Amino acid sequence: MSDVVYQHREVVRARYAVAAVFAVHGAVTGSFATRVPWIQDHASVSPGQLGLALAFPALGASLAMPLAGRISHRFGARTALRGLLALWTLSLLLPSLAPNLLALCLALFTFGATAGMADVAMNALGVEVENRLGRSIMSGLHGMWSAGALIGSAGGTLAAHLGTDARLHHALAAGALTLLGLLACTWVLDLQPAEDEEPPPRFALPPRSALLIGAVGFCAVFAEGASLDWSAIYLEDELGTSAGLAAACTTGFTLTMAIARLAGDKVVDRYGSVRTVRVGGVLAFAGGLLIVLADHPALAMSGFALTGLGIAVVVPLCFAAAGRSGPNPSLAIAGVATITYTSGLVAPSAIGTLAQATSLVVSFALVTVLSGGLAVFAGVLRSGDRDRPKVVAAAGPRVGSTRDQT
């Protein structure tokens, strides 16, 4: 019994450690998102050129994400996460240093590559902890990511309000977050591959069962990525607000995301996956309408907050549904993760390209339509309502044939 209690305590400790890792990862994103207007001005790029540059994180992530599994297989989960997370936090320095479009594209390519690999590694450990605890925790972990993004964006809001050079701001943030990330990684599960375990494939197509679920996640993450990277610019360019108030809009968006995700497990337990996502889609659609019709900054900020509230729990529910959608849960969840993550990185580029051709108002009209799609297609998550939450933990993917390194 003492061994069982000790092992349970180890898993509980690992849960808090990986939650801290999620928060650090989110803080990097929040720190970057609030200073996008400064980076755009510093690099002297137009909205269309900025949209092009923001496609490079998607390219970098797409090429690098498959490497995360192999890195974890070779070095072990803890060491791999420690290194990948440090690369991600330090890459925050790069975009603000870019003096022109070419340098910005290269910086954002690296930024996306390190983000994607760290994201895969920490989500794999989160799923393993969830399986060992026997109950759902992924919404809470994603809530910690949003909380971290909130903290990062709050720091960015303050820095923008004070007129602080983003290079100095990001240097200080990168140093602090790197130290926090390394400390948190000390207590995550140290999974090692079995001696006869083959390295994971470099690339595998997602099963058909994951495509519809991934499409729902795509809509939610598209709205999230667009709001994170373009909300501040929207308020500045379309409504003429100050840089500080525009950055505060991003903070409000991440605040509602964090609150909804932290409370998400209890809401889903009570109302079910389908109803939760349908109501969320309605809220996100209403938020989008407020954004595109707003003639005052307060209305647009309220719209972004409603959008964050509506889409917050969709991605954790997509991961859970993917784990029950077919005979190979690991492959299904990997497919959904690829679709949704790529959506978040492609969205800023798509918004910028459409804005260059039309306007940011038209771009966020597209976001509004996709948000409404959540209410229409939420039924693809229906299988999760029969056996939630215990089967989520029991049927979720194990991280290969791994064992703990003691």
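Helices α5 (residues 77-90) and α7 (residues 101-133) come within 8 Å of each other, axis to axis, and cross at roughly 150 degrees. Helices are DSSP runs (H or I, at least four residues), numbered from the N terminus. Axes are lines fitted to C-alpha atoms over the stretch in contact, with angles from 0 to 180 degrees between N-to-C directions. The model is predicted; local features need pLDDT of at least 70, side-chain atom pairs count only at pLDDT 80 or more, and totals for chains, interfaces and linings use all residues. Residues are numbered from 1 along each chain as its sequence is written, and side-chain values use heavy atoms, without hydrogens or water.

The α5 contact (heavy atoms within 4.5 Å) includes Leu81, Leu84 and Trp88. On α7, Phe111, Ala118 and Leu125 are among the contributors. The contact has 13 nonpolar, 1 polar and no charged residues. Here Ala, Val, Leu, Ile, Met, Phe, Trp, Tyr, Cys and Pro count as nonpolar, Asp, Glu, Lys and Arg as charged, and the others, Gly among them, as polar.

The structure holds 6 aromatic pairs. Rings of Phe, Tyr and Trp (its six-membered ring) pair if their centres lie within 6.5 Å; planes under 30 degrees apart are stacked, over 60 edge-to-face, the rest tilted. Trp88 and Phe111 form a tilted pair, 4.6 Å centre to centre with 45 degrees between the planes. Trp88 lies in α5 and Phe111 in α7, so the pair ties together parts 23 residues apart in sequence. Both residues are buried, meaning under 20% relative accessible area (1.4 Å probe, protein chains only). Ring pairs link Phe32, Trp88 and Phe111 into a cluster.

Notes. Helix = DSSP H or I, 4+ residues; strand = E, 2+ residues; numbered from the N terminus. Buried < 20%, exposed > 50% of the residue type's maximum accessible area, 1.4 Å probe, protein only.
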